[in-house]
Amino acid sequence: MKQGALQEPTLLILTALAAGAQHGYGIMTDVADISAGRVRLRAGTLYAALDRLTGENLVQADREEIVDGRLRRYYRLTPAGGQRLAAEAGRLQASAAIAARRLGLRPGAIGGLA
Amino acid sequence: MNGGEGLTDGGESLERSYGRLLRWYPAGHRARHADEMLGVLMAGAGPGQRRPGLADSASLIGGAARIRIRAATTGSAGLWRDALARAGIVLPLAWVLLALTLVVPGIAPTVSLSPSMLVMYGQEYLPPLVVLVTVLAGWRRVALAAIAATVVLDTGNLGLRFLPAFQPWDAAYLAVLGITALALVAAPGRARALLRWKHYLLAVAAAVAAGVAEHRLQLLLTSPQYSPRHPGPAGWPPAELAGLGIVAAITVILLVRSAASRRLLIVVAVPLYFYVAVIVTPVYRLPSPLIYLPLAALAAAAVLLAVRRARTDRRRPAAGGSA
């Protein structure tokens, strides 16, 4: 079945989890880093996205810790989440390559694009 | 990161405020994630912050709304189908009972049961009775044909010829027939398995009570003593008012207490809207857009349902339909 493009916050959350399990605040700071500060996720947006991604079996809870008396839950990509992120990365890469070619740019000329 | 290291007064106040915002979330989500989310929110708070920022508050309320909408619309297709199936029997049953209250002595205010009046009522209410009987009997195709025939035969009343004269009563009738047809198409044969005698009893009690209330209100609203500025229950026999109140309270409590019946309430909202409009129209005239908009919404829902069903059927070509 053909899948639609991921929205940017969703893409960034999956990207943040691609390197390993992270807790909510870790995902928020990582997303800010990945997007060079352009996207700043709020807790409401993050947990609504996690709720949806968990429901779609793209993300799952990994483990829980108690830190300073408070629950900290870690999330990780599921295999389906990894495949979905890889497919989206490939799609974006192909689009970027076509855009660069049509602009007559050398590979790597725009922000490190291949 | 502010963490949870020994909260100051300001920190406690901020945490309480975040806690209040988290009450927007469904109970199940709150039970699983509230502590975790509080940790994230407090970790992201600025030094000395005492109140949630506007962006955080909007994000939490928006997130809660998205989660509630998703919970109501996904994974619950079966509940919606069941609600539609129930509405497919409850609505024509209620319609026929409302019609009966018109000819029961002592309920309807102006009825004289002359042969010509009975013929007139028969012409108006026999078709829905045929629809109800065929639906209850499970004769799906006959019921659909009866609905189609009713709409065609009643074209004049239903406004295609006399569009300016289109009234809430016609709209309610059209909505009842439309939802019954949708139920026959989308959830064939389910309602009789879902409905128990107590459901029929409740539907009968609610419909008769609505009929009694309708006639009494029509009488009160159109009496010379009535003033829209003082719409009190004056002139309403206390015993009747108490009885109707009890039936209404039981109906509302039973309808809102389960997810399936709440959906039934949403499915019957359009005809219910027009029915209320019928009652208040003698005094509060309904602007025409308010007649057409809910019908347009119902038609849009029917189209979406048809498209969804067609797509489902395309993905499962081997699945057969039921007659």
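**Labels and their grounds**

Author: β2(A) and β3(A) run antiparallel and are paired over eight bridges. The model is predicted: local features need pLDDT of at least 70, side-chain atom pairs count only at pLDDT 80 or more, and totals for chains, interfaces and linings use all residues. Residues are numbered from 1 along each chain as its sequence is written, and chains are lettered from A and ligands numbered from 1 in the order in which they are written.

Reader: What makes β2(A) and β3(A) a pair?

Author: Two strands pair if DSSP finds at least two bridges between them. β2(A) and β3(A) have eight, so they pair. Strands are DSSP runs of E, at least two residues long, and helices are runs of H or I, at least four, both numbered from the N terminus. Within this pairing, Glu64(A) stands opposite Arg73(A) in β3(A). The two strands form a hairpin with two residues between them. Asp68(A), in the turn, has a positive phi of about 50°.

Reader: How do you know that β1 and β3 of chain A pair?

Author: There are two bridges, in the antiparallel sense, between β1 (residues 22-23) and β3 (residues 70-77). The definition asks for at least two, so the pair counts. Gln22(A) has Tyr75(A) as its bridge partner in β3(A).

Reader: Why is Ala36(A) called exposed?

Author: Ala36(A) has 8 other C-beta atoms within 10 Å. A residue is exposed at 12 or fewer, buried at 20 or more and partly exposed in between, with C-beta atoms placed from the backbone. So Ala36(A) is exposed. Ala36(A) sits in the loop between α2 (24-34) and α3 (43-55) of chain A. Its phi is positive, about 55°, although Ala36(A) is not a glycine. Most residues other than glycine have a negative phi.

Reader: What makes Asn57(A) exposed?

Author: Asn57(A) has 12 other C-beta atoms within 10 Å. The limit is 12 or fewer, so Asn57(A) is exposed. Asn57(A) lies in the loop between α3 and β2 (59-67) of chain A, and its phi is near 60°.

Reader: How many residues of chain A are in contact with chain B?

Author: 17 residues of chain A are in contact with 22 residues of chain B. Contact means that the C-beta atoms, placed from the backbone, lie within 7 Å. On the chain A side, α2, α3 and β3 each give two or more residues. The largest share, seven residues, comes from α3(A).

Reader: Which elements does chain B have?

Author: Chain B has 13 helices and zero strands. Of its 323 residues, 26% count as buried.

Terms used: Contact = placed C-beta atoms within 7 Å.
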